[in-house]
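I am opening a notebook on this structure.

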Amino acid sequence: MIGRATATLRRAIVHPTTAYRYPRARFSTTVTSPPTQFIPRTAFPEPTSLPRSYYLGHHAAGLTKMKTLLAQTSLILECRDYRVPLTSRNPLLEHSLAGIDRMIVYTKHDLGQEADTLPAADLAAERARTTARDKVIRKWHAPTTVHFSKTTDTTDHKSTKDLVRILKAWAKERYSLTGHRILVAGMPNVGKSTLLNALRAVGVRKGKVAKTGAQPGVTRKIGSAVKIIEGADLADEGTAPGEGVYLLDTPGVFMPYVPEAESMLKLALCGAVKDGIIQPITLADYLLYRINLHNPFVYAEYTSDGQPTNEIVPLLEAIARKTGRLNKGGIVDIEGAAAWMVQRWRIGQMGRFVLDQVDEEALERREDEEERRGPSVSQARKMQKESRREAMRAKGREKGYI
């Protein structure tokens, strides 16, 4: 229930291309205007001067260090964000760390589905869609092991316990007196350090060792090996226990160049790019575009009439007033409201959905595109320099220097 709601409205909206009917969010509201058909945008215009990389110095240094550790590494545990299963895949990591056994963990599984927030009437259908999507993702990587991990796995640790069982079975098949070293790798802010802490808590019942945060770049160096499975848990009867299984946390490594503007927006929206690199209003506008394609009523409590909109600025003004984000003199803080809106989505409070298209041929199409146009690191640096020059020229024009 939101506010002092008095009447329940449920209305369907027809997407102009898919004819999928979006149910109104499950809350009551007072309607002050006659119902009208809302048509969401079917495309998002490419922003001008959008950065196409976030490949930083410590990313390159971390990747170089990872390569030196491959000889002592038994397994690569690659983390990807479930909300962007294709876009959070880094070809640079795949090629640089090739030749080592690999498992793929899709983190934030609960943030890509509405199963935890829907009423019972719609729960079965949503779970069926999620199961079908997960099946396709597993098929992409077969025979590589794929695991799905939740951000909410802090009470019963079910998904973490499942992963520990998988790793135990893997290590038992490859018994080693000196133990195993696992390298956890992935894009920035996909949840590598969080996963390490969870595995340590379940595997050896010890506290956190890796720092975590909402912004990318918390982990800047490869840490010390952390035990996640005791050697005694792997040894058969009559066999001397080995050293166990250790995990090494690594810095997130961004791809050198992102050819598609929308892919850069997706990564920024999911937190793989530091906030501020892309204008908050641009990011919030892209989020609004995606929310409207999913369920345009999830933000209805912040609009004056409870109706969806394609206009980001009036929505942000309403959000700023509702949440008290006001500057001196009562002026609305538009950028603050934009950042708040994005953060609400990141934690699952502004809709939960997957941003990438997931079908059986999607991964193959992405790999074919990369082979055709994948630029080198030097090209990425050239693009970064040109982007900085354009930004400086834009500032000069604003101040009248040019």
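**Entry: Arg181 and Glu243**

I looked up this pair in the predicted model. The side chains of Arg181 and Glu243 form a salt bridge, with N and O 3.4 Å apart. Arg181 sits in strand β6, and Glu243 sits in the loop between β7 and β8 (245–249). The two are 62 residues apart, so I note a link between distant parts of the chain. Arg181 is partly exposed, with a relative accessible area of 24%. Glu243 is also partly exposed, at 36% relative accessibility.

**Entry: Asp356 and Lys266**

Next I checked Asp356. A salt bridge joins Asp356 to Lys266, and their closest N and O atoms are 2.8 Å apart. Where do the two partners lie? I find Asp356 in the loop between α9 (334–346) and α10 (362–373). Lys266 belongs to helix α6 (residues 261–269). The partners are 90 residues apart in sequence, so the bridge ties together separate parts of the chain. Are Asp356 and Lys266 buried or exposed? Both Asp356 and Lys266 are buried.

**Entry: Arg174 and Asp101**

I searched the whole structure for salt bridges and got 22. One that I looked up is between Arg174 and Asp101, with the closest N and O atoms 3.7 Å apart. Arg174 lies in the loop between α4 (158–173) and β6. Asp101 lies in the loop between α2 (91–96) and β4 (102–107). They are 73 residues apart in sequence, so this pair too ties parts of the chain together. Arg174 is partly exposed at 34% relative accessibility. Asp101 is partly exposed at 41%.

**Entry: Arg133, a charge without a bridge**

Side chains of opposite charge can pair when their charged atoms come close. I then turned to Arg133, which lies in helix α3 (residues 120–141). Arg133 is buried, yet it has no salt bridge. Which side chain of opposite charge is nearest to Arg133? It is Glu126, 4.8 Å away.

What does Arg133 touch? Leaving out residues up to four places away in sequence, I list Tyr82, Gly112, Gln113, Val354 and Val358. With Tyr82 there is a polar contact of 2.9 Å between the side chains.

**Entry: the nonpolar cores**

I looked for nonpolar cores. The largest has 68 residues. Which residues have the most contacts inside it? They are Leu77, Leu167, Leu199, Phe254, Leu316 and Met341. Helix α7 (residues 280–294) gives the largest share of this core, eight residues. A second core is separate and has 15 residues, among them Met66, Ile76, Leu92 and Val253.

I followed Leu77 further. Not counting residues up to four places away in sequence, Leu77 touches Met103, Val105, Leu167, Ile182, Leu183, Val184, Ala185, Leu195, Leu199 and Leu247.

I checked the backbone next. Ala142 and Pro143 are joined by a cis peptide bond, with omega about 5°. Pro143 is placed in the loop between α3 and β5 (145–148).

Asn189 is not a glycine, but it has a positive phi of about 60°. Its place is the loop between β6 (180–186) and α5 (192–203). Asn189 is buried, because its relative accessible area is 18% and the cut-off is under 20%.

Arg205 is not a glycine either, and its phi is positive at about 55°. Arg205 lies in the loop between α5 and β7 (226–229). Is Arg205 buried or exposed? Arg205 is exposed, with a relative accessible area of 75%.

**Entry: cysteines**

How many disulfides does a search of the whole structure find? The search finds zero. Cys79 is buried at 0% relative accessibility. Cys270 is buried as well, with a relative accessible area of 6%.

**Entry: the chain overall**

Last, I noted the totals. The chain has eleven helices and eight strands. Of its 402 residues, 50% are buried. Among contacts with a separation of 6 or more, 73% are between residues 24 or more positions apart.

Definitions and conventions:
Residues are numbered from 1 along each chain as its sequence is written. This is a predicted model: local features need pLDDT of at least 70, side-chain atom pairs count only at pLDDT 80 or more; totals for chains, interfaces and linings use all residues. Side-chain values use heavy atoms; hydrogens and water are left out. Helices (H or I, at least four residues) and strands (E, at least two) are DSSP runs, numbered from the N terminus. Buried means under 20% relative accessible area, exposed over 50%, partly exposed in between (1.4 Å probe, protein chains only). Lys and Arg count as positive and Asp and Glu as negative; His and the chain ends are not counted. A salt bridge is a side-chain nitrogen of Lys or Arg within 4 Å of a carboxyl oxygen of Asp or Glu. A polar contact is a pair of N or O atoms within 3.5 Å; within protein, one must be able to donate a hydrogen and the other to accept it, and residues adjacent in sequence count only if both atoms are side-chain atoms. Contact means heavy atoms within 4.5 Å. A nonpolar core is a set of buried Ala, Val, Leu, Ile, Met, Phe, Trp, Tyr and Cys residues joined through side-chain atoms within 4.5 Å. A disulfide is a pair of cysteine sulfur atoms within 2.5 Å.
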